[in-house]
Structure formats: C-alpha cells, structure tokens
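Let's explore a protein together, one question at a time. Have the sequence and the 3D view ready, and try each question yourself before reading on.

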Amino acid sequence: MAIGLKFQSSAETLEAQSKWWGAPDLPLDVDYPCASDGEPLLFICQIRLEDIAQYDTENQLPHKGMLYFFADMAEYVAPLEGISGEEHNGLGEWSESCFKVIYSPTCENLETFAIVDDDDEPAFLEAEKIEFSAVEGGYDSFKLLGRPYYDEIAEQYPDDVCLLQIDESDEWGLRLYDCGMICFLISKQALADKRWDEVKVYFHSF
C-alpha cells in the first residue's frame with residue numbers, strides 16, 4: 001500500500017497543516033536546514049501525520065507530529081532555478097548534505113521560516129493543500145510509502161521503502177530530465193526505528 005498525494009490551491013495560511021511548497025512551520029529549537037555550501041535547502045512539504053493515519057494501515061509512520069522534507073532541488077523548478085546553490089544534484093544517489101528529513105513529535109509551538117532571495121522576494125512557491133488517498137504500492141505519481149515506481153530504483157534498494165516520491169509537474173514547472181522521479185528512501189528497519197537520519201535520496205530518469 002501507499003498514500004497518494006494530490007494538491008490544490010488554498011486561501012488558508014496552512015500554518016501547522018499538511019502542505020506542499022510554501023514555508024515550513026518548524027519547532028522553535030530546529031534550525032532551517034542548509035546544504036554544504038550554506039544555502040538553504042528547498043522546502044518541499046510537511047505532513048501532519050494524523051492526516052495520513054487512516055491510510056497508513058500498516059502503521060509504518062508515526063500518527064502524531066509532523067514530518068518535513070527538504071532537498072537541494074530548486075534547479076529543477078523553473079520559477080526557482082535562480083536560487084539554486086553551487087552544487088549540482090543529478091541522477092543517482094545524492095550526498096547527505098543535499099537533503100534533510102525532520103520529524104517533530106508535536107504540531108504545536110511551531111514557527112514559520114520564510115526564506116527570501118537577494119531581492120527580499122519569497123524564495124518558494126505558494127503553499128498548496130495536500131489531499132491524501134489510498135493507492136497501490138507502485139503508484140506512479142506523488143506518494144508516501146510503497147515501493148519506488150521505477151523498477152531500477154526498487155532493484156537497487158530492495159529493502160527500502162519509498163518514504164516520499166516526487167514526480168514531474170507542469171503546473172509548477174517541475175521538470176526532472178525525461179520523466180524523472182526523486183525518491184526519498186529508507187530501509188524498513190530504519191523506518192520501524194524512526195531513524196530519519198538514515199534516509200537516502202535517489203534521482204532516476206529515462
């Protein structure tokens with residue numbers, strides 16, 4: 001099983017809610033993650049875990065708190081490519097400094113971190129509300145859990161779960177070479193133990 005993600009624009013602030021893009025609402029004691037060159041990583045999404053509890057029938061994820069995803073991937077989002085850092089992240093497994101997964105056991109006392117560019121303009125896309133649904137494990141779009149859609153990734157990491165799968169999107173100008181996908185991967189044992197520091201990121205494309 002897996003949890004499919006779909007997105008819709010919202011007039012709400014989405015503060016402390018599940019959201020894709022926008023600015024993260026982080027615990028007060030957590031610094032905004034940066035790449036090895038000191039540039040802020042792109043905030044991808046935050047998942048309020050109680051929202052996905054009904055779909056996580058195997059109880060693979062916590063059902064309380066917030067799970068955050070960041071990566072140095074602005075170069076692949078047309079409206080944001082000008083804010084990319086010095087390091088290019090291409091196909092294959094990325095270095096640990098190019099991404100970050102953060103877990104907070106609570107969704108309270110959070111602070112919104114709005115990153116701006118050199119002109120003091122927001123360095124992110126507008127936040128969108130996330131809608132969740134139960135999908136097959138090999139689902140071929142945005143999802144949590146299950147196995148990677150591409151067999152090449154699944155074969156290389158047979159013991160890993162696809163914690164987050166990112167697909168292309170014309171709406172956002174998100175292009176990943178030729179029908180590519182970026183997968184946050186974690187071993188089944190590390191997921192069971194909630195060892196988020198053992199997450200890997202792999203980028204595959206035709």
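**Charges, bridges and overall build**

Q: Is Arg147 buried, partly exposed or exposed?
A: Keep in mind that this is a predicted model. Arg147 has a relative accessible area of 41%. Partly exposed residues lie between the buried limit of under 20% and the exposed limit of over 50%, so Arg147 is partly exposed.

Q: Which residue meets the side chain of Arg147 in a salt bridge?
A: A salt bridge needs a side-chain nitrogen of Lys or Arg within 4 Å of a carboxyl oxygen of Asp or Glu. For Arg147, the N to O distance is 3.8 Å.

Q: Is Asp51 buried or exposed?
A: The side chain of Asp51 meets that of Arg48 in a salt bridge, at 2.8 Å from N to O. The relative accessibility of Asp51 is 19%. Buried means under 20%, so Asp51 counts as buried.

Q: Which residues are joined with Arg175 into one network of salt bridges?
A: Start with the salt bridge between the side chains of Asp170 and Arg175, which is 2.4 Å from N to O. Asp170 counts as exposed at 66% relative accessibility, while Arg175 counts as partly exposed at 39%. Salt bridges that share partners link Arg175 into one network with Glu168 and Asp170.

Q: How far apart are the mean positions of the positive and negative charges?
A: Lys and Arg count as positive, Asp and Glu as negative. The protein has 13 positive and 43 negative charges. Their mean positions are separated by 10 Å.

Q: Why does the radius of gyration agree with a compact globule?
A: The protein has 206 residues, and a compact globule with that number would have a radius of gyration near 17 Å. The C-alpha trace spans about 45 × 40 × 30 Å along its principal axes. The two values agree because the radius of gyration of the protein is 16 Å.

Q: What share of the contacts between residues at least 6 apart in sequence join residues at least 24 apart?
A: The protein contains two helices and 13 strands, and buried residues make up 52% of its 206 residues. Among the contacts in question, the share joining residues at least 24 apart is 68%.

Methods
Residues numbered from 1 in each chain as written. Predicted model: local features only at pLDDT ≥ 70, side-chain atom pairs only at ≥ 80, totals over all residues. Heavy atoms only, no water. Helix = DSSP H or I, 4+ residues; strand = E, 2+ residues; numbered from the N terminus. Rg over C-alpha atoms; globule rule 2.2 N^0.38 Å. Buried < 20%, exposed > 50% of the residue type's maximum accessible area, 1.4 Å probe, protein only. Contact = heavy atoms within 4.5 Å. Charge placed at Lys NZ, Arg CZ, Asp CG, Glu CD.
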